[in-house]
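I opened this model to look up a few residues, a helix and a pocket. My entries follow the structure.

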Amino acid sequence: MGKKDIIVIGGYGHVGKLICRQLADYYPGNVYAAGRSQEKAERFSASTNSKIKPIVLDINQEVPANRLATVKLVIVCLEQESVTFAASCLESGIDYIDISASYSFLQKVEELQQSVIQSNAAALLSVGLNPGVTNLLAKSVSEKMDTTESVDIFLMLGLGDTHGHAAIEWTIQQAKTDFHKWENGQQVLKRSFVGKQTAYFGKKLGWRNAYPFNFADQHVLLNTINVDQVSTYLCFDSRLATSSFSIMKKLGLIRFLPDKLTTAIFKRISIGEPMFHVKVRGKGIKDGKEIILETDLSGQEEAKITAYVTTWAARFLYEQNTRKGVFHLEEIADWSSVYEAIKTDIVWEISRD
């Protein structure tokens with residue numbers, strides 16, 4: 001019998017549950033929610049009337065080959081540092097999807113390119129809202145210009161939204177950490193939440209200050225679309241929260257915030273809306289003239305959109321993909337394709353200056 005199973009690592013987590021439920025509608029009996037806790041996996045499975053099956057897997061430990069013998073696709077919803085698990089899946093001919101927003105990890109997976117091709121498997125990265133949807137929108141904007149000089153990506157997150165524990169913890173850690181990125185052929189140091197850029201988020205939200213943040217899209221897009229400079233900025237729907245992060249970072253106080261305590265506070269905070277807003281601004285040349293092209297996308301429940309995009313990507317790999325190697329979402333898809341999968345839950349606008 002051919003391989004038919006799909007394993008979602010972190011499948012009983014915040015985003016993982018949504019992905020599992022969506023995929024189970026297409027592949028009933030073949031979707032497994034995996035993680036280290038047997039109790040949590042079984043409890044989630046029971047809540048679906050066993051439509052989704054439980055499995056215990058610790059990807060930080062060596063996974064016996066027989067546990068993956070019937071698996072066609074693995075989706076990872078956890079942040080990782082080592083690519084050992086990803087490599088073992090790909091070397092076994094198992095297709096792999098990762099929703100990580102950390103370029104340091106995605107870059108390690110990119111380096112598996114040659115071994116992936118030889119094993120007849122595919123790895124699909126930059127799957128989610130950011131990176132993912134932001135990559136596709138940047139590609140779409142770039143393709144409407146003859147020459148793209150720069151792309152700026154702005155992400156506003158609503159503090160009233162329900163964010164998973166791991167996502168909040170990752171965001172706090174990234175806010176504390178500075179990073180290097182390439183700009184016009186030179187590597188420069190960027191301080192997270194220092195050095196504001198202003199963007200207009202529509203009539204309701206108005207003009208907002210946003211700050212450099214180490215999302216993977218700004219690193220990835222330099223290699224996947226024809227542009228020399230890409231920058232990503234983050235803000236919250238609460239002006240107070242955004243400015244507080246920036247002030248604490250400038251004063252050097254943010255590094256003293258305990259990760260666990262800060263994460264717990266953010267999980268309970270309710271001063272914002274359950275929303276997100278993405279703005280992509282491209283500058284370049286069209287028909288010999290300078291042009292600025294902007295596109296905006298907004299909606300509620302960031303996790304749901306990430307799950308929708310991941311489900312689209314999973315179905316593509318499961319049913320349609322014939323290419324082997326390591327790819328980012330914008331290398332195998334156009335915005336129009338993914339838009340169809342999420343359009344009922346978003347508002348999308350495009351404008352030209």
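**Tyr26**

The classes I used are buried for under 20% relative accessible area, exposed for over 50%, and partly exposed in between, with a 1.4 Å probe and protein chains only. I note that this is a predicted model, where local features need pLDDT of at least 70 and side-chain atom pairs count only at pLDDT 80 or more, while totals for chains, interfaces and linings use all residues. Residues are numbered from 1 along each chain as its sequence is written, and side-chain values use heavy atoms, with hydrogens and water left out.

I found Tyr26 in helix α1 (residues 14–26). Helices are DSSP runs of H or I with at least four residues, strands are runs of E with at least two, and both are numbered from the N terminus. Leaving out residues up to four places away in sequence, Tyr26 touches Thr311 and Arg315; contact means heavy atoms within 4.5 Å. The side chains of Tyr26 and Arg315 are also joined by a polar contact of 3.4 Å. A polar contact is a pair of N or O atoms within 3.5 Å; within protein, one must be able to donate a hydrogen and the other to accept it, and residues adjacent in sequence count only if both atoms are side-chain atoms.

**Lys181**

Lys181 lies in strand β8 (residues 179–183). Its side chain makes a polar contact of 3.0 Å with the side chain of Glu183 and reaches the backbone oxygen of Val230 at 2.9 Å. Not counting residues up to four places away in sequence, Lys181 touches several residues, among them Gln186, His219, Val230 and Ser231.

**Helix α6**

I checked the span of α6 (residues 129–143): its 15 residues reach 20 Å from first C-alpha to last, close to the 21 Å expected at 1.5 Å a residue. The expected span is 1.5 Å times one less than the number of residues. Since 14 of the 15 residues of α6 are buried, α6 is largely enclosed by the rest of the structure.

**Second largest pocket**

I listed the lining of the second largest pocket: 17 residues, of which Lys204, Leu205, Met275, His277 and Ser298 lie nearest its centre. A pocket is an open set of points on a 1 Å grid over the protein atoms alone, where a 1.4 Å probe fits, with protein on both sides within 12 Å along at least five of seven lines; lining residues have an atom within 4 Å of a point. β13 (275–286), β14 (289–300) and β16 (346–352) each supply at least two residues of this lining.
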